[in-house]
Structure formats: structure tokens, C-alpha cells
Amino acid sequence: MSFPELSSSPESLTFAELGLNSALLKALPASLKHPTKVQQLTIPAILAGRDLLALAQTGSGKTLAFGLPLLQQILLQQQTQCTKSVQPPNALALVLVPTRELALQVTEALQTVASQLSTSLNIQLLCGGVPLEDQLAELATKPQVLVATPGRLLDLCKQAHVSLDSIKHLVLDEADRLLEMGFWPDVQKLMAFMPKLKQTSLFSATLPEALDTLAGKLLVNQPLRVEAHKVNSVAGEIEEQLYLVNKGSKAQALIALLKQYQWPQVLVFISARDDADAVAKRLAKAGMKVAALHGEKEQTVRSQTLADFKANRIQVLVATDLMARGIHVDALPVVINLDLPMSAPVYVHRIGRTARAGEKGLAISLVCHSEMATLTAIRSLTARELPLALLADFPVTDKPSEKITDGATEGKVERKRPPRDKQANRRSINKHSAKEFKGKR
């Protein structure tokens, strides 16, 4: 990119030294003592009105990095309008996020601060799964800040329930995810509803080439690129352990680990929605307090499940990548990948659910032979060795895939196991011990 970069943080600063005014300083949560690295780098830039691409690890405080200066700018604009006796405009700021869960979390984080301000500042959550009538009633209060998922917001704009013609500040949170085909067409359509002159901020933990290219086009107002951490990096507080197991042994290996170590909370990632439900049923039969979370569940169920997990009423949450982005669970000790994600950056987001805000965490991945290409991509992206170990009582009898060339086509085929290997695999499934597993309790 052609615009300036900042990759090192200033020496430890206070929030006051970053330029936040007294109203915001008084509204900060008592637990918030010092700004994080990404907050130190981004808050002054946003307050100065600059467009921004901010790259920082998951769990590094990105929400308040854009949220605090955003709220301060809105307050100043409100005061200016009051002195000019201008009628309240439409929303002045928009934060776009890829999932409903993240939209709710961002809204709650901003409301926590806004509720302590002496000046009224309304923040509106707009996402699918919530009754439209409820959202229309709340929109009648003229919120200054919108936090939304692209699909629901676009529907509201097309029906003229929402106007974006007053937007002065646009934030794309988890910007790399919003670039994907499931979201980007809607994001582009939403931008057509907004003024061309506005401040734009992109926040992401990973930097695919498409995001780098887009930033060069979207960020035009004294653009700045901030790297609070090495791009695509994993937090140093996360201990990663990867184990090679048979594909058919994964669920039983998971049960063995959960039974032996009795972690108070475990987030298990799996790629397919149907598999999430099936694995949750197996864990429930094994006597565990477990729930599944994925996009096919009703929003009320999704919200309640996540709340129960955060409140420790559920020990194990089996989730699709709906939970991989931005979701914060206090002191979550363990994340387990029951399968590797097809996209290497998603691995970084998944394991970033643990070791948040400087806490220690453990990330375990159960890998089978057919996932070796994915593992290679993850190693390349993160520049980490990620060696594979064997799990006690779960011998690997599956055979590696082979690359073959028949002169016309090239691809991968997986050898069929001989009968004796299948029998060995069934014997390993029936064993429940993982005594030699060296994980964190």
C-alpha cells in the first residue's frame, strides 16, 4: 500500500494522553486502566479524522480502539448541532460486522461507555433474527450510531426505513470477512447509500491480499496503516498443540480429553453445521453439559446459548465459525479444533478466542491425514512450525493421501485401509484414556 504505516507502539500512555476528552474518560469502565497497543496507535489517528487500516491480533481491544474515538466525535458533532439549533440528523456513524453475535457484542461494548455519558447517545443494533417491528420502533428514537450486519441493513435501506445519507464515520470490523462473497456485494450496495465524503476505518486480525488492495481504494483521507502486531500472527500467550489422529477417531479423542482434563469451559470448533449437532449429542451422551451453536438455529436460541456459555452454565460449546470472529469469553482456557478450517486465516481467528486480553490459553487441533494441505497453509500463513504429535491410546492407522499423475489429470486420492487397520481403528475408538496427553488443566 502507498500510505504511511505505523508498526510500533508509543511508550505506555494514558487514555487522556491519547486525546480522549473528560466526558469519555469518566465514562470508561473501571477495569480499563491502560490503553492496549492497538488503542494507542489508532485512537489519535481516528480523532484526527484520518482514514485507517488497523491490523491487530484477536483479543487486543479493537472494539474500543474504534469505539472510543467514534463516540467522542459523535458527541462533538451533537454539541455543534445544538449550538446551531439543527434538527437531529439521521445516523452519523455505522459499524458493519459479519455476524449477529459480533454485532451484539460490539453494541454492548459501546453502550457500556455511552450509558455513562451525561449527553444522550443512542446506539442501534440492526441484524437478522430480530423482529423487524422492534427495530423500527427503536429507529424512531433517531440513533446516532448503527451497528449492523450487511443483509438486514440493506433490506432496511431498500425499504426506506433507514437512511445512510448522514453517515460521517464508517467502520468495517473483521474487514477481511466482509470482503468475502457472502458479504461484499451487500457492503458495496450499502456504500452507495452513503456520502462519498466520510471517514473510513478497516479493522482486521488478518490481511489477505484482497483487503490490502481494497484499503488502497477505500482509504483516501490522509490514510494510515497501523500494525499493532505482526500481520497474521498468533498471540504469544496461546499454547498450540496439534495431534495426528484417525479421521474416525476424532470425536472419541475429544471425549477422552474432556473427561481427563475437566476444563471448566471449552470451545470446540467444527466446520459443518450438521456435524456440530451430531458431536454435541455424543458429548451429551457422555455426560457433559454441552450445546451446539450455528447459523441454522433461531436467533433467540443462539443468543441464549452464547449467554449460557459465557455464564458457565454450559461446559462445552460446539460451534461453527460463527464463533470464530471477535466473540469474547472471559478467561476461556481452551479452544479445540475438531477439524481444521479450510481457510488458513480462520485458524488464527478460531484460536484467538482463548488468551484474550493478556490471559494464557491453550489451543488444541485434532488433525487427520486428509487435512495436511490445510495444515501446510496454516503453517505458511502464521510462520509457525506447528509440529504434529501422537495422542496416547489413539494410534494412527489411516494412511496418508497420495498425489498421483495419470498423464492427463493430477489430484489426491486416499488409500483404502486394509481390514486389519479398520479393526485397529475400532479398537482405538473403544479406549478412553489419554494419560500421556500433556495439556493444561
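Is Arg50 buried, partly exposed or exposed? In this predicted model, in which residues are numbered from 1 along each chain as its sequence is written, local features need pLDDT of at least 70 and side-chain atom pairs count only at pLDDT 80 or more, whereas totals for chains, interfaces and linings use all residues. Side-chain values use heavy atoms, with hydrogens and water left out.

Arg50 has a relative accessible area of 23% and is therefore partly exposed, given that buried means under 20%, exposed over 50% and partly exposed in between (1.4 Å probe, protein chains only). Arg50 is located in the loop that separates helix H2 (37-47) from strand E2 (52-55), helices (H or I, at least four residues) and strands (E, at least two) being DSSP runs numbered from the N terminus. When residues up to four places away in sequence are not counted, the contacts of Arg50 (heavy atoms within 4.5 Å) are Pro4, Ala45, Gln199, Asn221, Gln222, Pro223 and Leu224. Of these, Asn221 is 171 residues away in sequence, although the two C-alpha atoms are 5.6 Å apart in space. The side chain of Arg50 also reaches the backbone oxygen of Gln222 at 2.8 Å.

Strand E2 runs parallel to strand E7 (residues 199-204), to which four bridges join it, and Leu53 stands opposite Leu202 of E7. Four bridges likewise join E2 to strand E8 (residues 224-227), again in parallel, and here Leu55 has Glu227 as its bridge partner; two strands are taken to pair if DSSP finds at least two bridges between them.

A further element, helix H8 (residues 184-192), has Trp184, Val187, Leu190 and Met191 as its buried residues. These residues lie on the same side of H8 because they cover an arc of only 115° around the axis, the arc being that of the directions from the helix axis to the C-beta atoms. Their cover includes strand E3 (93-96), helix H6 (150-158), strand E6 (169-173), helix H7 (175-178) and helix H9 (209-218).

Key: Polar contact = N/O pair within 3.5 Å; in protein donor to acceptor, adjacent residues only side chain to side chain.
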